[in-house]
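Subject: Structure for you, with notes

Hello,

Here is the structure I promised to pass on. Please open it alongside this email, as my notes follow below.

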Amino acid sequence: MRKALRKNIADVSRIDEFDVKLLSLLTSQGTYSSKELAAKLDKPLSTVQRRIRILFENGYIRKRYEVDYLKLGWRKGVLNVYLKDGDPESVAKKVLQITGVIQVSVPLGDSDLSASVVYRTNEDALHLIRQIKRLPEVQSVTWTEEVLSMYATHPVIIDSLSDAI
């Protein structure tokens, strides 16, 4: 059984048209059971289940649960961090240790780091900003609050993948 599994993983070394269609449905706003996906894609259930498993095992997709902080009464914001010195990755690791920080990215663009944060009050937000500003590598921090979050029903990357095949 283990040999067959490895063979299946090796067989899908790149994304094909079926994978693109499958990814498109999996990342759309609708949630589909494997049986519904098989019907939509006109493929056997076992094929759909195997391909989803292979996509997970190869790291093309991952499952992640997301807390709806706004629904729980929390506020959500983004802190843009500008560095005066230091390696962005090492500073990002320090920022992640601060309570209330849920994600840190190293973006291309204006700021050196972008931190997604949650807090209940303006004072909590100011406390987060002060903690980050205390890091010796940090020059300044700007802040924006998320008031609405929407997701694409058909992620753009899927269209790009389809065009490349």
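Let me start with a question: is Glu123 buried, partly exposed or exposed? Glu123 counts as partly exposed, because its relative accessibility is 47% and that class lies between 20% and 50%. Keep in mind throughout that this is a predicted model.

Glu123 has a charged partner. Its side chain meets that of Arg130 in a salt bridge, at 3.2 Å from N to O. Arg130 is partly exposed too, with a relative accessible area of 38%.

Overall layout

The protein has 165 residues, and 32% of them count as buried. There are 7 helices and 4 strands. Starting at the N terminus, the order of elements is α-α-α-α-β-α-β-β-α-β-α. Take the contacts in the protein with a separation of 6 or more: 66% of them are between residues 24 or more positions apart.

Salt bridges

How many salt bridges does the structure hold? The count is 8. In general, side chains of opposite charge can pair when their charged atoms come close.

The group to look at is a network of salt bridges that links Asp16, Asp19 and Arg51. Here are its two pairs in turn.

- Asp16 and Arg51: their side chains form a salt bridge at 2.6 Å, N to O. Asp16 sits in the loop between helix H1 (2-11) and helix H2 (17-26), while Arg51 is in helix H4 (residues 45-57).

Asp16 is partly exposed, at 30%.

Helices H2 and H4

Two packed helices are described by the angle between their axes and the distance between the axes. For H2 and H4, the angle is about 85 degrees and the axes are 11 Å apart. The two helices are therefore roughly perpendicular to each other.

Which residues make the contact? From H2 come Phe18, Asp19, Leu22, Leu23 and Leu26. From H4 come Thr47, Val48, Arg51, Ile52 and Leu55. By type, the contact of H2 with H4 divides into 7 nonpolar, 1 polar and 2 charged residues.

The aromatic pair

A search of the whole structure finds 1 aromatic pair. The partners are Tyr119 and Trp143, in a tilted arrangement. Their rings are 6.4 Å apart, centre to centre, with 55 degrees between the planes. Tyr119 belongs to strand E3 (residues 113-119) and Trp143 to strand E4 (residues 138-146). Tyr119 is buried, with a relative accessible area of 1%, whereas Trp143 is partly exposed, at 36%.

Best wishes

Key. Residues numbered from 1 in each chain as written. Predicted model: local features only at pLDDT ≥ 70, side-chain atom pairs only at ≥ 80, totals over all residues. Heavy atoms only, no water. Salt bridge = Lys/Arg side-chain N within 4 Å of Asp/Glu carboxyl O. Buried < 20%, exposed > 50% of the residue type's maximum accessible area, 1.4 Å probe, protein only. Axes fitted to C-alpha atoms, helices over the stretch in contact; angles between N-to-C directions. Parallel < 35°, antiparallel > 145°, perpendicular 65-115°, else oblique. Contact = heavy atoms within 4.5 Å. Nonpolar A, V, L, I, M, F, W, Y, C, P; charged D, E, K, R; others polar. Phe/Tyr/Trp six-rings, centres within 6.5 Å; stacked < 30°, edge-to-face > 60°.
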